Amino acid sequence: MSLGDPNQGMSKSTTNSCLSPRTKGPAPFLSKTYALLEECEYEEEGAETADNSKKIVSWNAEGTRFVVWSPAEFSELTLPRYFKHNNLSSFIRQLNTYQGFKKTSSKRWEFENEKFRRGCKHMLVEITRKKTEASAFPAFLKASHEDQINTSVEENSNRQTLMEENENLRREKVELQTQIAQFKALEIKLLDCLAQHMGNTNHKERRLC
């Protein structure tokens, strides 16, 4: 009985493996962002039952958009758990490199993509990268840059106000110290006058005796 070529089966298996199409998966950034939202929503639901804690990031009620409610906490606490940075602008810039994402509110960090929905993780694979454009700079990042400039101007204004208040307090301190010195000098004069008066009174009493 012929056992045949032992490499024949292995060759067929290798050939079939090479011919089988490779399953395409979603971009790691999109998968991490989706996982971030799912995990944060689960944590916030538990926290809400206990003490109604403030949300950091979540889906909207319909699950068609996601909202960064607290940018500061999102940057400091959430981003480092999933990415190698804690910069909200970098996260938004990377989000904008994919087709379909748009900022939907001027008052908060709310984003939408028709293929990025709660419960539709299988649609992530359909989201593709945009073609690179050197001049592309999303409007909401410009708004973020303007907000940073406005914040810097406001901080400078506040710093100037504090400096002026500090200078006023310094002047008031000098005036008070001057007044205290004058009062002390007046006190010394009054004590001298009182001592002289007491001395004259004692002298008169001795003469009468």
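User: In which sense do β2 and β4 pair, and over how many bridges?

Analyst: Start with the general idea. Strands of a sheet pair through backbone hydrogen bonds, either parallel or antiparallel. This model is predicted. In it, β2 and β4 pair in the antiparallel sense, over four bridges.

User: How many bridges hold β1 to β2?

Analyst: Three bridges, in the antiparallel sense, with β2 covering residues 65-68. Take S58 as an example: its bridge partner in β2 is V67.

User: And how many bridges join β3 to β4?

Analyst: Two bridges join them, and the strands run antiparallel. K102 stands opposite E112 in β4. A hairpin of five residues leads from β3 to β4.

User: Which way do the side chains of β4 point?

Analyst: W109 and F111 point one way from β4, while E110 and E112 point the other way. All four are buried.

User: Let us turn to α4. Which residues of α4 are buried?

Analyst: They are L88, S89, F91, I92 and L95. These residues cover an arc of only 160° around the axis, which puts them on the same side of α4. Look at the start of the helix too. There, a side-chain oxygen of N87 reaches to within 2.9 Å of the backbone nitrogen of S89.

User: How many aromatic pairs does a search of the whole structure find?

Analyst: First, how to read one. A pair of aromatic rings is described by the distance of the centres and the angle of the planes. The search finds 12 aromatic pairs. One of them is F66 with F111: 5.5 Å centre to centre, 35° between the planes, hence tilted. This pair links distant parts of the chain, with F66 in strand β2 and F111 in strand β4, 45 residues apart. F66 counts as buried, at 2% relative accessibility. F111 also counts as buried, at 2%.

User: Why is the pair of F74 and F91 edge-to-face?

Analyst: Read the angle. The planes stand at 75°, with the ring centres 5.4 Å apart, so the pair is edge-to-face. F74 lies in helix α3 (residues 71-82) and F91 in helix α4, so this pair ties together parts that are 17 residues apart in sequence. F74 is buried, at 0% relative accessible area. F91 counts as buried, at 1% relative accessibility.

User: Which residues do ring pairs link into a cluster?

Analyst: The cluster holds Y34, W59, F66, F101, W109, F111 and F116.

User: Last one. Is L30 buried or exposed?

Analyst: L30 has a relative accessible area of 0%, so it is buried. L30 lies in helix α2 (residues 28-51). Leaving out residues up to four places away in sequence, L30 touches Y98, F101, F116, L124 and I127. L124 is 94 residues apart from L30 along the chain, yet their C-alpha atoms are separated by 6.9 Å.

Definitions and conventions:
Residues are numbered from 1 along each chain as its sequence is written. This is a predicted model: local features need pLDDT of at least 70, side-chain atom pairs count only at pLDDT 80 or more; totals for chains, interfaces and linings use all residues. Side-chain values use heavy atoms; hydrogens and water are left out. Two strands pair if DSSP finds at least two bridges between them. Buried means under 20% relative accessible area, exposed over 50%, partly exposed in between (1.4 Å probe, protein chains only). Contact means heavy atoms within 4.5 Å. The arc is that of the directions from the helix axis to the C-beta atoms. A polar contact is a pair of N or O atoms within 3.5 Å; within protein, one must be able to donate a hydrogen and the other to accept it, and residues adjacent in sequence count only if both atoms are side-chain atoms. Rings of Phe, Tyr and Trp (its six-membered ring) pair if their centres lie within 6.5 Å; planes under 30 degrees apart count as stacked, over 60 as edge-to-face and the rest as tilted.
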